[in-house]
Amino acid sequence: MSRRFERAVFLDRDGTIIEEVGYLDRPERVEFFPWTIDAIRVLNRAELAVVLVSNQSGIARGFFTDAVVDTVHQRMDDMLSTGGARIDAYYYCPHHPDGSVAELAKVCDCRKPARGLVDRAVAEFGVDPARSFVVGDRWLDIGLARTVGARGVLVRTGYGEREEGKPPDGMEADAIVDNLIAASSWILNNL
Ligand SMILES: [Mg+2]
Ligand SMILES: [Zn+2]
């Protein structure tokens, strides 16, 4: 059984933890921001579950396979552990309604902003979404926060700077900050 946590920080991957490079199809293309390891270590020390939640429609589109994504996450895990940081779970949605891989081309309950990936963390770690946080560079990440009752932090890395200027109707982030290390600070100040 997994370790239990009261709260989680749900982290988007592309543009939030690592540089946005389009469809990431090779582990060699993983590039952390200079502050990524520190930002995640701070969250680990605060006894927050750190859970990656990522839409990977490239799998449904046939651009790469689950095995490639797993290799990418293994490489991230190796880099983090070198710096004394840890992601407690790597969850991703492989689906997309317009996909070309038949069994993955569908509307699912795990593509953000739907809540399926968060519900996995509830089942695995016992976290309370209402006391948790979502950090991402897209409004759909903030939408996920709204869906599950968590607080949502938009970062300006990745697509974030562009996204900041065009929020969907009625949507507001709890905070908009420059990057992941600023998001970690905001979270620690708002526990
Ligand atoms: Mg992103
Ligand atoms: Zn899905």
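A donor, at a metal site, is an N, O or S atom within 2.8 Å of the metal. Keep that in mind for the opening stop of this tour, which goes through a predicted model.

**Stop 1: the metal**

Select the magnesium ion (ligand 1). Which residues coordinate the magnesium ion? They are Asp12 (OD), Asp14 (O) and Asp137 (OD), at 2.1 to 2.2 Å. Along the sequence, the donor residues follow the spacing D-x1-D-x122-D. Now colour the chain by secondary structure and find two of these residues. Aspartate 12 is in the loop between strand 1 (8-11) and helix 1 (36-45), while aspartate 137 is in the loop between strand 4 (133-136) and helix 5 (139-148), so the pair ties together parts that are 125 residues apart in sequence.

**Stop 2: glutamate 163**

Next, select glutamate 163, which belongs to helix 6 (residues 160-164). Is glutamate 163 buried or exposed? Its relative accessible area is 10%, and buried means under 20%, so glutamate 163 counts as buried. Leaving aside residues up to four places away in sequence, glutamate 163 touches Asp137, Arg138 and Trp139. Asp137 is one of the residues that coordinate the magnesium ion.

**Stop 3: arginine 138 and tyrosine 159**

The charged end of arginine 138 sits over the ring of tyrosine 159, 4.6 Å from the ring centre.

**Stop 4: aromatic pairs**

How many aromatic pairs does the structure hold? There are 4, and two of them are visited here.

Select tyrosine 23 and phenylalanine 63. Their ring centres are 4.8 Å apart and their planes are at 75 degrees; planes over 60 degrees apart count as edge-to-face, so this pair is edge-to-face. Tyrosine 23 lies in the loop between strand 1 and helix 1, and phenylalanine 63 in the loop between helix 2 (57-60) and helix 3 (66-82), so the pair ties together parts that are 40 residues apart in sequence. Tyrosine 23 is partly exposed, at 39% relative accessible area; phenylalanine 63 is also partly exposed, at 47%.

Move on to phenylalanine 133 and tryptophan 186. Here the ring centres are 6.3 Å apart and the planes stand at 85 degrees, so this pair is edge-to-face. Phenylalanine 133 is in strand 4 and tryptophan 186 in helix 7 (residues 180-189), and the pair links distant parts of the chain, 53 residues apart. Phenylalanine 133 is buried, with a relative accessible area of 0%, and tryptophan 186 counts as buried at 19%.

Note on methods:
Residues numbered from 1 in each chain as written. Chains lettered and ligands numbered in written order. Predicted model: local features only at pLDDT ≥ 70, side-chain atom pairs only at ≥ 80, totals over all residues. Heavy atoms only, no water. Donors = N, O, S within 2.8 Å, 3.2 Å for Na, K, Ca; no water. Helix = DSSP H or I, 4+ residues; strand = E, 2+ residues; numbered from the N terminus. Buried < 20%, exposed > 50% of the residue type's maximum accessible area, 1.4 Å probe, protein only. Contact = heavy atoms within 4.5 Å. Phe/Tyr/Trp six-rings, centres within 6.5 Å; stacked < 30°, edge-to-face > 60°. Lys NZ or Arg CZ within 6 Å of the ring centre and 35° of its normal.
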